[in-house]
Amino acid sequence: MVRKLDLKAFRDLWGMKAQVVTIALVVGSGISALIASLSTHDSLKLAQDAFYRQGRFADVFAELKRAPLPVREELQRIDGVASLETRVVRDALLEIPGRVEPAVGRFISVPEDGRIELNRLHIREGRMVDPARGDEVVMGEGFARANGFKPGDEIVAVLEGKYKKLHVVGLGLSPEYVYAISGATPIPNDREFGIFWIPEDTLAHALDMKGAFNSVTLKLAPGASKKRVIESIDRILATYGGLGAYGREDQLSNRAVTDEIAQQKVSATLIPFVFLSVSAYLLNVVISRLIGLQRSQIATLKALGYGNWSISLHYLKMISSIVFLGAAAGIAGGVWIGTMLSRVYEGFFHFPALDYRLNPLQAVTGVGVSFLAAVIGAFGSLRRVFRLAPAEAMRPPVPLMFHKTLSERLGLSRFLSTTGRIVFRNLAIRPVRTGLGIVGISFALMILMLGLFWRDSVAYILYYQFSVLQRDDVGVSFIEDTSRSALYELGHAPGVLSVEGYRTLPVRVRRANFSEQTALFGLPEGAKLRQILDRHMQRIGLPPEGAVLSKNLADRLGVRPGDAFGVEVLTGKRPSWVVTCGGVVDNWVGTFAAMDLSALNRLMNDDAVTSASLKIDPDRKDELLAALRNMPRIGAINVKETAIRMFEKTMGSFILVYAAVLTGFAAIISVGVVYNSARVSLSERTWELLSLRVLGFTRNEVFRILAGEAAVLTLLAVPLGWVLGYGFVRLMIALMETKDMQMPIHVEPSTFLQASAVVVLASFLSTLIIRRIINRMDLVSALKVPE
Amino acid sequence: MDRTPVFSAKGLTKTYTMGEVEVPALRGIDLDLYDGEFVVLLGPSGSGKSTLLNILGGLDTPTSGEVRYRDHNLREAGEEALTRYRREHIGFVFQFYNLIPSLTALENVVLVTEIAEKPMDAREALKLVGLEERLGHFPSQLSGGEQQRVAIARAIAKGPDVLLCDEPTGALDYQTGKMVLEALQRVNRDLGTTTVIITHNAAIAGMADRVVRLGDGRITALETNAKKLKPGELSW
């Protein structure tokens, strides 16, 4: 007996294969989203943990000007230090044959025995340097890949004005530079910034650092107080130009990676939650309607003697088939998307192994939730059918009691054609169903906006950073504090139109019990190439005395305009001042304090700058870059154009994948809702629509009624989708905010329109499938008993 | 009465293929129907009367033979031409009324006048079937007889040349059935619309000009009534 029912289940499924496929795809996209985002998050986290463990990533870092080697012993004796390493680290310009754009290398010394204890190098290709051979280097893999270097190649570095030819013997990765940024720009640029490991002797010799070090990294003993260790280090290094020790959480690369993983966690929780809810919801709605359509069949089965249980089991089998079909597609899709996302991350996070891993528990969760939603939808409908006596259920459902809609009673009906009234009254008589349909489609729009808004936010940040904040073409940093007169020399370099000099001092700001290390910027009066702006892009003028603070810093310090706070300079003679807060800036990115350059120099009792911005004649860029490379005090050169290009390249692929995936999902959801709504309408009203055909209505005219219903649903869903989408974007951004970064909520009108266009198009395509069904309808059946 | 036939069928056959079985529904029909005639097609179920009506109404096409409506060759007509043909020339009345549930009585009639070339006033049509008081009611608020009369009003409102009625009283009780037949007779008499009714109710034959008896896919008898009865005079 059950066998025959199984056959029916199979045939029923086959008979509605288009519906089965569209529902299965909705289920699949929910499961895909869950698996892809959660597993990507897990994979990143695993890769980070593994690399940090294997590479013995340090807990505390400190940079200083120069300390003799014996100071190391003193540092090692600090209570709570498990192991400590000192080294020489220095940035130097690189010469790459046939290239005008500058590149900077960060050179890190390798101890004489060739063994790095902390932040261990992971050799990817070639070998470690031989300390006996002074001209060997291991090159960071990211830089090598971006610039086409391989072991065996040569590169020239400008160390203290001296050209040094180096042989690349290997490519490596370090947990310290998973996210390889120099600190000069917030965006990684593998083409222009590379890490190099070089024998200590060679580096020390070139930099006149023999028997000395300028960088310390250490691992804490279990249970040690990081704060106390940092204080001890700062005390010891104060006399050696210590720039202030800091923990792993403030280490640039680690902070970027950890923030990204945290943000990924937000989207990994939020997006699958949305998806799975949407797909569960749709599944529930669609399944309950399908069963509603089968009511007379169910009654017949009951009349034949099948019990509720075996009928339920029958439908359970049908639903399981749909859910598991979707699950199979979803798991495959999830793994595929996850792999793709991991590959995108590999573009800016340099892990030795970022293997995508599927967590079976997540797959089981996804399938389970979908299945549950389907079962709840199905049993709701089944219960309604079971409550009826078989004889009653075999009769067609009681016809709906149509009435004129409210708007019609208000006299709006004169604007509606008769077929228009059919459309509106059918939507109005089932307000719950109509509402659910609208909500379903608006969810698709919402998901689309989640996928597309990144593009706007990133474009906005790009615009804010590079067109508003940073109006220069080329930025240079000096190796150390440099007299302002150096700006004249720069001003006379070929192609320079204007030049501005700035000063950045590492400082510790204090108030009451709170202290924080940050940067104090000095900007010249009337600066044009660099500005301080609030989040409304209003320019903030600097007071003649006192400092302006970013809002996040002012909040942490508890400082308001007019309040005084302490500033301890971490370089040179390390003066300490009391400074008045001259203003608070509500900005997007970064923590900073800024002062008028002259005021800052007065406090420092000198007249120096640390960096400069140039506005240049674009035609003479190459000439200028060549000239800049020959100026000995210049430690780094940043070309804005290249930075933008790199940013677009790395973020571009990320945004593309994200947008493509979510667009695909949203299209699936739109088709799922619209097609299934229209299909159910068609099944319920075949007889009515056929009657119209018999009366002489063309296929087109009949199609327009169903298409009209779909169009009304879609058009009502669009504004709702905008609201939901924008709300969700806000929520997601709010959850992703970190200490230093707040994302602007910026959604372009074109994004609203594009998202709407995709949904409308998907709806339209779904109705085209319906059209094919209408074309195949058998007219004669309309004259028989209504079903 | 004009003797040029409105409909002309010659050697009409229709065979349905159901899987591997061929079921002949019409086995060679020769029939002419004339302008203004009131014809009853009488026969038991399975006699082929519905198939014949469907072919005349452009809902189905014959397997072989000729069928013409005036100068239209219905056998050769494609789907679009048949839709236009139904739209312009034919009014249908069905056993189950086939009203649009979401439209009121008046709107059901207007629906058709909107697509007709020379329609009559929708209210006029409803008045003709005695429903001028029920214009704003939805089908679910009307009795079966009332619904069928709305269907008749809808069929005549577009000013069809032919009214084709498939068991118009099949779902109605005796009294209501008679009211519906009266409405049909009035339409035929007042508007001169050629009317074809198919039924298995032999009593209805009394109100026809001609009666076509069908059995097993063939015409078994063609009778002309010397005296047409009023629906009130019929009994079954």
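Me: What conventions apply here?
Reply: Residues are numbered from 1 along each chain as its sequence is written, while chains are lettered from A and ligands numbered from 1 in the order in which they are written. As the model is predicted, local features need pLDDT of at least 70 and side-chain atom pairs count only at pLDDT 80 or more, whereas totals for chains, interfaces and linings use all residues.

Me: How many helices and strands does chain A have?
Reply: Chain A has 21 helices and 20 strands. These are DSSP runs numbered from the N terminus, with helices being H or I of at least four residues and strands E of at least two.

Me: And what box do its C-alpha atoms fill?
Reply: Taken along the principal axes, the box for chain A is roughly 100 × 55 × 55 Å.

Me: What share of chain A is buried?
Reply: Of its 787 residues, 46% count as buried. A residue is buried if 20 or more other C-beta atoms lie within 10 Å of its own, exposed if 12 or fewer, and partly exposed in between, with C-beta atoms placed from the backbone.

Me: Which residues have the most contacts inside the largest nonpolar core?
Reply: They are A:Ile447, A:Leu448, A:Ile669, A:Val759, B:Val109, B:Ile152 and B:Ala153, in a core of 299 residues. Helix α19 (residues 640–694) of chain A gives the most to this core, with 22 residues. A nonpolar core is a set of buried Ala, Val, Leu, Ile, Met, Phe, Trp, Tyr and Cys residues joined through C-beta atoms within 7 Å.

Me: What is B:Val109 in contact with, leaving aside neighbours within four places in sequence?
Reply: Its partners are B:Ala122, B:Ala125, B:Leu126, B:Val150, B:Ala153, B:Arg154 and B:Ala157. Contact requires C-beta atoms, placed from the backbone, to lie within 7 Å.

Me: How many residues does each chain bring to the contact between them?
Reply: Chain B supplies 23 residues and chain A supplies 23 residues. On the side of chain B that touches chain A, α3(B) gives the most, with 4 residues. That side divides into 12 nonpolar, 5 polar and 6 charged residues. Here Ala, Val, Leu, Ile, Met, Phe, Trp, Tyr, Cys and Pro count as nonpolar, Asp, Glu, Lys and Arg as charged, and the others, Gly among them, as polar.

Me: Changing topic, is α1(B) enclosed or open?
Reply: 8 of the 8 residues of α1(B) are buried, so α1(B) is largely enclosed by the rest of the structure. The helix is followed by B:Gly58, whose phi is positive, near 75°.

Me: Where is B:Thr63?
Reply: B:Thr63 is in the loop between α1 (49–56) and β4 (64–69) of chain B. It counts as partly exposed because it has 17 C-beta neighbours inside 10 Å. Although B:Leu12 is 51 residues away in sequence, the two C-alpha atoms are 7.6 Å apart.

Me: At what angle do α7(A) and α10(A) pack?
Reply: Helix α7 (residues 252–293) and helix α10 (residues 360–387) of chain A pack at about 30°, with their axes 8 Å apart. Therefore α7(A) is roughly parallel to α10(A). The axes are lines fitted to C-alpha atoms over the stretch in contact, and angles run from 0 to 180 degrees between N-to-C directions. Angles under 35 degrees count as roughly parallel, over 145 as roughly antiparallel, 65 to 115 as roughly perpendicular and the rest as oblique.

Notes
Two residues are in contact if their C-beta atoms, placed from the backbone, lie within 7 Å.
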